[in-house]
Amino acid sequence: MNNCFVELKDISDERGSLVVIENLKEIPFEVKRVYYLYNLRDDKARGFHAHKILNQAFLCLNGSCKVLLDDGENQTIYEMNAPNQMLLCKNKIWHKMFDFSDNCIFLVLADQEYHEDDYIRNYQDFLGTVKDEKND
Ligand code: TYD
């Protein structure tokens, strides 16, 4: 899986809009865990970690926010402002979510259950991990 910004198909009619995400179709993995963030503040960024094996998909279901993805060499900032946008964030990517609008609801679909030992919470450790991988 690669990091990428996906525009999900929006099935709209006069009653409103509907978006579908099925395992291994719109999303390139099997979802094992769903969590979401709300009551967010524009002056409090979140994330600041990478995962060793976890892959995730980010959706901003309400409002807007920005997401920074960092592979250890390049940093890209994505603006999320529509509920049919999905940002794939693979493992070993340092990420940060910030600039949350009022009422932002940030949904995460993940391919693993929660394990604290899957987190890399120190940026230097993260850089070391991606460097070691490149040299393997
Ligand atoms: P964390 O992943 O650090 O949040 P964020 O990346 O949004 O800043 O998680 C915050 C806290 O919630 C931390 O104590 C771990 C806990 N947590 C769980 O217990 N289960 C989960 O599935 C997640 C994502 C976090």
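1. Helices (H or I, at least four residues) and strands (E, at least two) are DSSP runs, numbered from the N terminus. I105 belongs to strand 11, which covers residues 105–110. The model is predicted: local features need pLDDT of at least 70, side-chain atom pairs count only at pLDDT 80 or more, and totals for chains, interfaces and linings use all residues. Residues are numbered from 1 along each chain as its sequence is written, and side-chain values use heavy atoms, with hydrogens and water left out.

2. Which N or O atoms face the oxygen atoms of the ligand? In the side chain of R33, such an atom is 2.4 Å from a ligand oxygen. For the side chain of R46 the distance is 2.9 Å, and for that of Y119 it is 2.7 Å. On its own the ligand has 530 Å² of accessible area, and the protein covers 63% of this. Accessible areas come from the Shrake-Rupley method with a 1.4 Å probe; for residues, only the protein chains shown count as cover.

3. Side chains of opposite charge can pair when their charged atoms come close. The structure holds seven salt bridges (a side-chain nitrogen of Lys or Arg within 4 Å of a carboxyl oxygen of Asp or Glu). One of them joins D99 and K66, with the closest N and O atoms 2.8 Å apart. D99 is in the loop between strand 10 (94–98) and strand 11, while K66 is in strand 7 (residues 65–70), 33 residues away.

4. E133 and K92 also form a salt bridge, at 3.3 Å between the closest N and O atoms. Because E133 lies in helix 1 (residues 123–135) and K92 in the loop between strand 9 and strand 10, the pair ties together parts 41 residues apart in sequence.

Conventions:
Polar contact = N/O pair within 3.5 Å; in protein donor to acceptor, adjacent residues only side chain to side chain.
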